[in-house]
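Here's a quick tour of one chain, written for someone who likes cut-offs spelled out. Have the viewer open while you read.

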Amino acid sequence: MTSTLETRTVTRWVSLRPHHGQVPAEDLVDGPLYVEPFSAADLPAIAERAAGVVIGSAWMQDFQLVRAVARLGLPVIVQRGHSATLEEWLGVADYCVAEGNDQVVLCESGTRTHLEHVALDLTLLRAAKARSGRPVLADVSGDPSLAPAAIAAGADGLLLSPSASDADVAAAREAVTLFGALAGHEPPTTLPEARAAIDRVDAALATLLERRAELAGVVQSLKPVGGFAGRDMERERQLVAAMALRAPKLGEERLAPIMNAVIEAGLRLAEER
């Protein structure tokens, strides 16, 4: 399975459907966005201006338009209809492949509940990844606060509407960086992919180290004797042993100097405050 859509990222998209074909697509498509067409009449402008096409959840079974979209040769994001089954969803991707376009990424867009809310089906998202072997995004346009949960559940990236606020975009990107580093286990196949994966892990590591230093400062303020004089070496040995269970390839011998440096950095920071 191939795709030129970069995963572990936040993708912006715009839908032409609310305009019902009354506004020329040329006036609405500006910049490297993924675009959902209203009709086949929008496709020439999309082919010229857009980064890719979104097969929207509302018309994923309009197979004539699906085939026309696939023939553009652009990357395609296939949203799941709110009542579509896994087989129906994957079937749309198969239609695109049948037209010679294997640049297909799936996108979980939610199931309509009895309360008329749309809830992401993260179990179905994981099933789609396992069955198709394709990347699967999560559309969090309706509720960007779901970004961390979606990435933790295995989403390869997020879909956000262009109307999302800068704060929502920043929070979604942070979720992709931090939670993606913890949840992603797909082995990179190129040097840029490997470096990008390391960058995500480093970003998560820096965030955790900062948080650890803050908590260590609280501990120092609560101990009868703080600072270097109050170090509990037995507790530190237990800490390293517990970490070695999670990182057996590193083991206690390699982890011990790492954690000693981390602990001492936290103690120095606490003394400076």
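## The chain overall

What share of the contacts in the chain with a separation of 6 or more comes from residues 24 or more positions apart? It's 56%, with contact meaning heavy atoms within 4.5 Å.

This is a predicted model, where local features need pLDDT of at least 70 and side-chain atom pairs count only at pLDDT 80 or more, while totals for chains, interfaces and linings use all residues. Residues are numbered from 1 along each chain as its sequence is written, and side-chain values use heavy atoms, leaving out hydrogens and water.

The chain has ten helices and nine strands; these are DSSP runs numbered from the N terminus, helices being H or I with at least four residues and strands E with at least two. Of its 273 residues, 40% count as buried (under 20% relative accessible area, with exposed over 50% and partly exposed in between, using a 1.4 Å probe on protein chains only).

The mean pLDDT of the chain is 83, and 86% of the residues reach 70 or more; pLDDT is the predictor's confidence in each residue, from 0 to 100. Where pLDDT is low, the predicted coordinates should not be read in detail.

Searching the whole structure turns up one aromatic pair. The ring centres of F63 and Y95 sit 4.5 Å apart with the planes at 25 degrees, so this pair is stacked. The rule covers rings of Phe, Tyr and Trp (its six-membered ring): centres must lie within 6.5 Å, and planes under 30 degrees apart count as stacked, over 60 as edge-to-face and the rest as tilted. The pair links distant parts of the chain, with F63 in helix α3 (residues 63-70) and Y95 in helix α4 (residues 86-98), 32 residues apart. F63 is partly exposed at 28% relative accessibility, and Y95 is partly exposed at 28% as well.

Those two helices also pack: the axes of α3 and α4 come within 8 Å and cross at roughly 50 degrees. Axes here are lines fitted to C-alpha atoms, for helices over the stretch in contact, with angles from 0 to 180 degrees between N-to-C directions. That makes α3 and α4 oblique to each other (under 35 degrees is roughly parallel, over 145 roughly antiparallel, 65 to 115 roughly perpendicular, and the rest oblique). Their contact is made by F63, V66, R67 and A70 of α3 and V92, Y95 and C96 of α4.

## α4 again, with α5

On to α4 and helix α5 (residues 122-132), whose axes come within 11 Å and cross at roughly 50 degrees. They, too, are oblique to each other. On the α4 side the contact uses L86, E87, W89 and L90, and on the α5 side L124, A127, A128, R131 and S132.

V53 lies in strand β3 (residues 52-55) and is buried, with a relative accessible area of 0%. Leaving aside neighbours within four places in sequence, its contacts include Y34, I46, V69 and L72.

L120 is in the loop between β7 (118-119) and α5. Beyond neighbours within four places, L120 touches residues including E108, D139 and L146, and the C-alpha atoms of L120 and L146 are 8.7 Å apart.
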